[in-house]
Structure formats: C-alpha cells, structure tokens
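Take a look at the model below.

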Amino acid sequence: MDAPVAVAGPSAWEGATLEERDWLVPVHPPLSGGATGDASPDRDGADPVARAARCLYDGPGLAVVRGLGLDALTDDECVTVCRRFMAPLGGLRPVDPDHPGDSLVTAEPSAPAPPARAHRPEEDLALHTDRARFPGPPRLLGMLCIRPARHGGESVLVSGHAVHNVLLRSRPAVLSDLYQDFHFGRGPDFEHIYPVFRRSAGRLHVQYNRYWITRGQQEHGTPLSTAQVAALDAFDEVLADPRMALRVRLRRGDLLLMDNMAILHGRTSFVDPPPSHAGRCLARVWAD
C-alpha cells in the first residue's frame, strides 16, 4: 500500500466549520410531486438538481434540497418524488420486489402496512455508510423526509475524508489496518469484502459500519485482531468528536442527498406520537 495522503478540498469538512450555504439547496416555488428540478429553477436562477450535483461532486458531498411538495401524496408516491429528483444524478437502483420495505425507513408499524425497514426509535442510529444489497454499496443515497418525528430524529453527518485526515495527523499507524479488507456482514446479497479506506481513480472511498464489520468477521470465523480493533476504535473516537458532525433536523419535503462513498450518516433517538404508523418516515433511494 502506498503511504496515505491527506484529502484536500471541500469534501474534507468538519461540522464546526461547514456553513449552511455550502449544502442547503432551497427550491422556489416548491416542486410538485410530478416535477423534477429541471422544471423549476430556484430564485438564484440555477436548476436545483444542478446545484445539488455541485454539492455532491464538487462540494461537501451532501446536499439538503428544501421545498419538494408532498401535499396529498401517499408514502409510496413520495418515494416516486425522490426517485424522480435523483434520476438525473445517477443510475437509480430498482426497487427490490423481495424487499420493497427498503424504500421506506420508519418505526415498526402498529398495524398492517406496506413493508418498511424498522429501526429502534429510542436508540441513536450509529454513524455508518449503507451496504445495500447486490451489487454492493451504492454511490449515492437519498433520504426524503415524508414525516419528521415529534421530538428528536436529527440526521447526523460526518465526512469520512475528514476522519481520514484526522487519523493521518494523530494516529497514522492505524491507517494500514483500515486500508485492509474487512467482511461487512454475511448472508444473501451481503457477502461484501472491502476496506474502510481505499483509493480508486485518485479518489478516497470510505465504507464503514462497525456493527456489520464485527459481526461479519465473527461469522466468517476470523474475529478481529487486536490491531484491527484498535484501528476501528480510533476511527470511532474521531466520529464521536462533536466538532466533526453536522446535525440537521429534516422538515417534511426535505431531501437529504449524500455521497455514500464519502459521508457517514446516522440519527439521534426520537419520539413519535401514537399511532406509530403516522410517525417519522423517510423515503430512501439508492443510485450509482
């Protein structure tokens, strides 16, 4: 492995210094459910899809598009809005007919409803990048807020490039292990093996999920070594630094877009009003 080098440019940001204008893309007037950004330039005269693309590819690697109109739309129709906006940004991954709930992220429903992926609302969701199913991690992740939580549920975002740079300055010895392969889980469509950090075409790619790395190594019969645990612990210590994170409370109609190869995302715990099926709900779309 070549000696690691620091990542330069706007993708290596820290939350304490990132400004809202670097990632917020307001839409004026709000786009209806049948439109994409091509149909309605914002007040600065720029297509919101183009502005979001600049944030993703030439900026911090994330954008929040604010102003997508969701009035009178069903949850499934909101997924379609998200897919239509993201279509010009990358090749959309099809909805898996065996796992249709991958398109909706919500608390466990209390009544029969279209399948949705459940997360425990009373716990923080740890920072991670998405694994996704075959063919593996997507390049782009979109999360459209259909309903925010009553309390909590903030999105927490950290630049993996900035984490790399901090480790390079403070703990360079751990990087050799983080550039080596790990098993990220096991099971149908989840036999993924890749390092936390890797360079491809001159760009640093980041993939991380501590839970699935630990579980994947154990299930493959190769538990993490002492050096690997120390390297992952060092990564987690940087993630835990509050100066690294950007926290965003998404509103209804906010579309959070992320470079899944550079940005780690999580969320704070949240409280929903009863019934839970009317609580926090996000549409999720993957693209390459």
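Predicted model: local features only at pLDDT ≥ 70, side-chain atom pairs only at ≥ 80, totals over all residues.

Residues are numbered from 1 along each chain as its sequence is written, and side-chain values use heavy atoms, with hydrogens and water left out.

Start with the pockets. A pocket is found on a 1 Å grid over the protein atoms alone: it is an open set of points where a 1.4 Å probe fits, with protein on both sides within 12 Å along at least five of seven lines. Lining residues have an atom within 4 Å of a point. Grid points are joined across faces, edges and corners, and the volume is the space filled by probe spheres set on the points.

The largest pocket has a volume of about 990 Å³. Its lining has 45 residues. Find Leu125, Ala126, His128, His265 and Gly266, which lie nearest the centre of this pocket. Several helices and strands contribute; these are DSSP runs, numbered from the N terminus (helices are H or I, at least four residues; strands are E, at least two). Among those giving two or more residues to the lining are strand E5 (125–128), helix H5 (210–219) and strand E17 (281–287). The largest share, four residues, comes from E5. What classes of residue line the largest pocket? The lining has 22 nonpolar, eight polar and 15 charged residues. Here Ala, Val, Leu, Ile, Met, Phe, Trp, Tyr, Cys and Pro count as nonpolar, Asp, Glu, Lys and Arg as charged, and the others, Gly among them, as polar.

Now move to the second largest pocket, with about 250 Å³ of space. It is lined by 16 residues. Arg93, Pro94, Val95, Asp96 and Trp286 lie nearest its centre. Helix H2 (75–86) and E17 each supply at least two lining residues. E17 gives the most, with three. By class, the lining has eight nonpolar residues, one polar and seven charged.

Next, the rings. Rings of Phe, Tyr and Trp (its six-membered ring) pair if their centres lie within 6.5 Å; planes under 30 degrees apart are stacked, over 60 edge-to-face, and the rest tilted. The count comes to five aromatic pairs. One of them joins Tyr179 and Phe197, which are tilted, at 5.9 Å centre to centre and 45 degrees between the planes. This pair links distant parts of the chain, 18 residues apart. Tyr179 is in the loop between helix H4 (175–178) and strand E9 (181–184), and Phe197 is in strand E11 (residues 197–200). Phe197 is buried (under 20% relative accessible area), with a value of 0%. Tyr179 is buried too, at 13%. The rings of Tyr211 and Trp212 have centres 4.9 Å apart and planes at 80 degrees, so this pair is edge-to-face.

Arg131 lies over its face, at 3.8 Å from the ring centre.

Notes
Buried < 20%, exposed > 50% of the residue type's maximum accessible area, 1.4 Å probe, protein only. Lys NZ or Arg CZ within 6 Å of the ring centre and 35° of its normal.
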